[in-house]
Amino acid sequence: MTTRAPKGAVDVLPPESGRWRRLLRAFDSLAERYGYGLALTPVFEATELFSRGVGEETEIVSKQMYTFTDKAGRSLTLRPEATASVVRAYLQEGRSGVLKCAYSGPMFRYEQPQAGRRRQFHQVGVEYLGEPSPDADVEVVEVGYRLLQEAGIREVVVLLNSLGDPADRADYRTRLRSYLEERAEALSAESRRRLATNPLRVLDSKEDASVVAGAPATLDHLGAAAATHFAAVRCGLERRSIPYEIAPRLVRGLDYYNRTVFEYQASSYTAAQGALGGGGRYDPLAELLGGPPTPGVGLAMGVDRIVGAMPEVSGREDRGVFVVVADPERREEALDLVAALRTGGLAADSDLGDRSVKAQFRAAARRGVTVVAVVGAEWARGLVTVRDMATGEEEAVPIGEVAAWTQAR
Ligand code: HAM
């Protein structure tokens, strides 16, 4: 038996990876249209970045980090998320003012693998730094919503809440703790433990849903500034026709948030499987990392989950040409044709294995190409037989017209 991929990590190969490619391309194009430049940050970081940024008491930091010591004795961690890294990079470069970044890459969390939960998973995300306006929150929520639309995922709703400013949040924490302490007898052992360390985490407990349902809501304890900000975010989402629901117990599992927090839920992907993506405003983060006050808002989408929820695309995947060599004497010319089609911007391929014409047609059908071009006897007359694989229509066309014939399909 050969070595297998580690538990909780997967391989994605063609043709399944076609969906990944479509989604990653859609994200790339969206990010560019919305003004987010590409950010590349290390996959491993100093461990303290996450304990300070994401928060010592969070599940992620307390239980799920892939931490190791390097040869020089430094404690490093495979990134469980990328927001802390982007803010670190911004601070390290001494940037100020607005910076809009997009990223895409693997994240690592030591979780119990199950549907929608992997130890290595792929996120795409955006971070909007240096902008306190609620319109930045709206724009970020919009990017994630449009990505899900482009992925063909229907009935998406944004779950929205506000945690208020740090003082509101501290005040809320105190109220929540006393509410939960009064009901501690009814709580699970895990929630009682969380109550002592991080009472907000009790709100995520499925076992204690009935106690949680009656807990105070963050929205009832917002200061005036946070309340105005939240109203503006709601207004902006309505103007953009982005459907949202207020989720009063949504607090999210990372400590850096203030004000707006949100997650995306879709009918095709149940809440038990987790969110397709989420994010929020994190104005306190830059200072937690030792930098000057810098507002920020961002989101990350779970690509593994989104790809799993994407509908099958009907029709052809690969709108290209497959060149079949029917006359082995013409192999070199056939490869020249493939190269010319590729240079002209079309997806083109052929079989390099000297297989039978039948086997080459089978390979073309497996790829789901639009057109097969047969290089055979007619080549001597400057012609290639092209076949539309969907309709079966066949025609001999001049060699130079194969590309145009394909593009017209
Ligand atoms: P998060 O909610 O921890 O937020 O992760 C965002 C998304 O990543 C989740 O909604 C989910 O789709 C996906 N995800 C998380 N863990 C796993 C897993 N174990 N397996 C598969 N998918 C997973 C963040 O990471 C924040 N950095 C988001 C953010 C950006 N906030 C502000 N800016």
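A salt bridge is counted here when a side-chain nitrogen of Lys or Arg lies within 4 Å of a carboxyl oxygen of Asp or Glu, and a search of the whole structure finds 31 of them. This is a predicted model in which local features need pLDDT of at least 70 and side-chain atom pairs count only at pLDDT 80 or more, whereas totals for chains, interfaces and linings use all residues. Residues are numbered from 1 along each chain as its sequence is written, and side-chain values use heavy atoms, with hydrogens and water left out.

View 1. Lysine 63 is partly exposed, at a relative accessible area of 44% (buried means under 20%, exposed over 50% and partly exposed in between, with a 1.4 Å probe and protein chains only).

**View 2. The network around this pair.** Salt bridges link Glu59, Lys63, Glu190, Arg193 and Arg194 in a network.

**View 3. A salt bridge between arginine 281 and aspartate 283.** Their side chains meet at 2.8 Å, N to O, and both residues are buried.

**View 4. A salt bridge between glutamate 393 and arginine 409.** The N to O distance is 2.9 Å. Glutamate 393 sits in the loop between β15 (383–388) and β16 (394–398), and arginine 409 in the segment after α14 (402–407), so the pair ties together parts that are 16 residues apart in sequence. Glutamate 393 is partly exposed, with a relative accessible area of 36%, and arginine 409 is also partly exposed, with 26%.

Definitions and conventions:
Helix = DSSP H or I, 4+ residues; strand = E, 2+ residues; numbered from the N terminus.
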